[in-house]
Amino acid sequence: YFLAVGTIEPRKNLELLVRVWEQLLESGQCVPKLIWVGQFGWSNNKQLMRRFEKLQKLGYVELYSGLSDTELFCRMQNAIAVLFPSKIEGWGLPLSEALSMRVPVLASDIAIFREVGQGVPELLELNDVAKWHLTILNYAQKNSKLRAAQMARMNRYRVRSWPEHFQQVEDFLSLK
């Protein structure tokens, strides 16, 4: 299964994942499961929610709310990859957590994911449904070369410590 983490709201770009999973179903190929850990937020399109619920009823999507950190990390550790198709993000803590656990990440190509990801995740254009579709299919294969390449890049990922973080903040503030 693939995992997505976060409140379901427009900036998280659930629309893209729903479109990808609908295309996977239409293609007749083996469809991996999508597990979303989070809850419904604000301003969700009713038609999109109906499409999401249809995928749930068909058994291709599961939604979990209120999981403990242990339950979330267990699901993260066992995922093929964690998906972050976000349009906008704060700092990207779940992305950093996934990489620190050596779990592959597919994410939208936005500045914060480039910074936090340190060149490790597979970064994809925000609205390129075809590329997301193909990449998810590739990663779902048992001997995925793309996934293996990301696992090799994982060796250069460095978890930042709190002192390093605060030093970076201090350095930034001293520039003002």
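Predicted model: local features only at pLDDT ≥ 70, side-chain atom pairs only at ≥ 80, totals over all residues.
**Entry 1: α1 against α2**

I began with helix α1, residues 14-27, and helix α2, residues 46-57, whose axes come within 10 Å and cross at roughly 45°. That angle makes α1 oblique to α2, and I noted that the crossing in which α1 passes α2 is left-handed. Looking up who touches whom, I found that Leu 14, Glu 15, Val 18, Arg 19, Trp 21, Glu 22 and Leu 25 on the α1 side meet Leu 48, Met 49, Arg 51, Phe 52 and Leu 55 on the α2 side. Sorted by class, the residues of this contact come to eight nonpolar, no polar and four charged.

**Entry 2: α1 against α6**

I then followed α1 to helix α6, residues 129-140, where the two pack at an angle of about 60° with their axes 9 Å apart. Here I wrote down a right-handed crossing for α1 and α6, whereas α1 passes α2 in a left-handed one. From α1, the residues Leu 16, Arg 19, Val 20, Trp 21, Gln 23 and Leu 24 meet Val 129, Trp 132, His 133, Ile 136 and Leu 137 of α6. By class I listed eight nonpolar, two polar and one charged residue for the contact of α1 with α6.

**Entry 3: α6 against α7**

What is the angle at which α6 and helix α7 pack? For α7, residues 145-153, I found an angle of about 80° to α6, with the axes 7 Å apart, and this makes α6 roughly perpendicular to α7. Thr 135, Asn 138 and Tyr 139 in α6 meet Lys 145, Leu 146, Arg 147 and Gln 150 in α7. I counted this contact by class as two nonpolar, three polar and two charged residues.

**Entry 4: the largest pocket**

The lining of the largest pocket divides into eight nonpolar, six polar and four charged residues.

**Entry 5: the cavity**

How many cavities of 30 Å³ or more does a search of the whole structure find? The search finds one, and the space in the largest cavity is about 40 Å³. Around this cavity I listed Ala 4, Val 5, Lys 12, Trp 36, Leu 83, Phe 84, Pro 85, Ser 86 and Glu 89 as the lining. The elements that give two or more residues to the cavity lining are β1 (2-5) and β4 (81-84). By class, I noted six nonpolar, one polar and two charged residues around the largest cavity.

How values were computed:
Residues numbered from 1 in each chain as written. Heavy atoms only, no water. Axes fitted to C-alpha atoms, helices over the stretch in contact; angles between N-to-C directions. Helix = DSSP H or I, 4+ residues; strand = E, 2+ residues; numbered from the N terminus. Parallel < 35°, antiparallel > 145°, perpendicular 65-115°, else oblique. Left-handed = near helix turned anticlockwise from the far one by under 90°. Contact = heavy atoms within 4.5 Å. Nonpolar A, V, L, I, M, F, W, Y, C, P; charged D, E, K, R; others polar. 1 Å grid on protein atoms, 1.4 Å probe; cavity = no way out; pocket = protein on both sides within 12 Å on 5 of 7 lines; lining within 4 Å. Points joined across faces, edges and corners; volume = space filled by probe spheres on them.
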